[in-house]
Amino acid sequence: MDHHFYMGEALAEAEKAFTLGEIPIGAVVVEGERIIARAGNRRETWGDPTAHAEIIALREAARVRGNWRLTGITLYVTLEPCPMCAGALVQARVKRLVYGAPDLRAGAVDSVVNLVENSSFNHQVEVISGIREEECRQLLKRFFQQLRRDG
């Protein structure tokens, strides 16, 4: 799999979220080598606390597949998932998570806690981190700088 390419697609979704005034996080779901779902954050737009890029993309992937079990898929996301999203990855039986930048405040994969590789759960998710990390980090940094400036 071309992790660099698919993370670029997730970054494109993050850029779309940025233009909507959303925290710029993007995600794509890949089955085989085909993107079957894509999303960016929409919490502000939809007024929905669960409208994280990962959740929206997983919902769309389940709709496309006609099954909530997303075995065999890879989720690419620009920022390390939070506890809600990490839990959704486990519940959906996602095979692999590839993320860009760590989330030192709320990351539930490597930074604060690791929910996706916890052997107490009935499923574990393979993790690859740091793909296009600097680009992912810079996009978030630019967003928050603009937010403070426009304040």
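The protein chain carries 19 positive and 20 negative side chains, and the centres of the two sets lie 3 Å apart; Lys and Arg count as positive and Asp and Glu as negative, with His and the chain ends not counted. This is a predicted model, in which local features need pLDDT of at least 70, side-chain atom pairs count only at pLDDT 80 or more, and totals for chains, interfaces and linings use all residues. Residues are numbered from 1 along each chain as its sequence is written, and side-chain values use heavy atoms, leaving out hydrogens and water.

**Fold and dimensions**
- The protein chain contains five helices and five strands (DSSP runs: H or I of at least four residues for helices, E of at least two for strands).
- From the N terminus on, the order of elements is α-β-β-α-α-β-α-β-β-α.
- The C-alpha trace spans about 45 × 30 × 30 Å along its principal axes.

**Burial**
- Of the 151 residues in the protein chain, 46% are buried (under 20% relative accessible area, 1.4 Å probe, protein chains only).

**Aromatic pairs**
- The structure holds four aromatic pairs (ring centres within 6.5 Å; planes under 30 degrees apart are stacked, over 60 edge-to-face, the rest tilted).
- Tyr6 and Tyr76 form a tilted pair, with 5.3 Å centre to centre and 35 degrees between the planes.
- Tyr6 lies in helix α1 (residues 3-19) and Tyr76 in strand β3 (residues 74-79), so this pair ties together parts 70 residues apart in sequence.
- Tyr6 is buried at 5% relative accessibility, and Tyr76 is buried at 0%.
- Phe18 and Phe143 form an edge-to-face pair, with 5.4 Å centre to centre and 80 degrees between the planes.
- Both Phe18 and Phe143 are buried.
- Ring pairs link Phe5, Tyr6 and Tyr76 into a cluster.

Conventions: Buried means under 20% relative accessible area, exposed over 50%, partly exposed in between (1.4 Å probe, protein chains only). The place of a charge is taken as NZ of Lys, CZ of Arg, CG of Asp or CD of Glu. Rings of Phe, Tyr and Trp (its six-membered ring) pair if their centres lie within 6.5 Å; planes under 30 degrees apart count as stacked, over 60 as edge-to-face and the rest as tilted.
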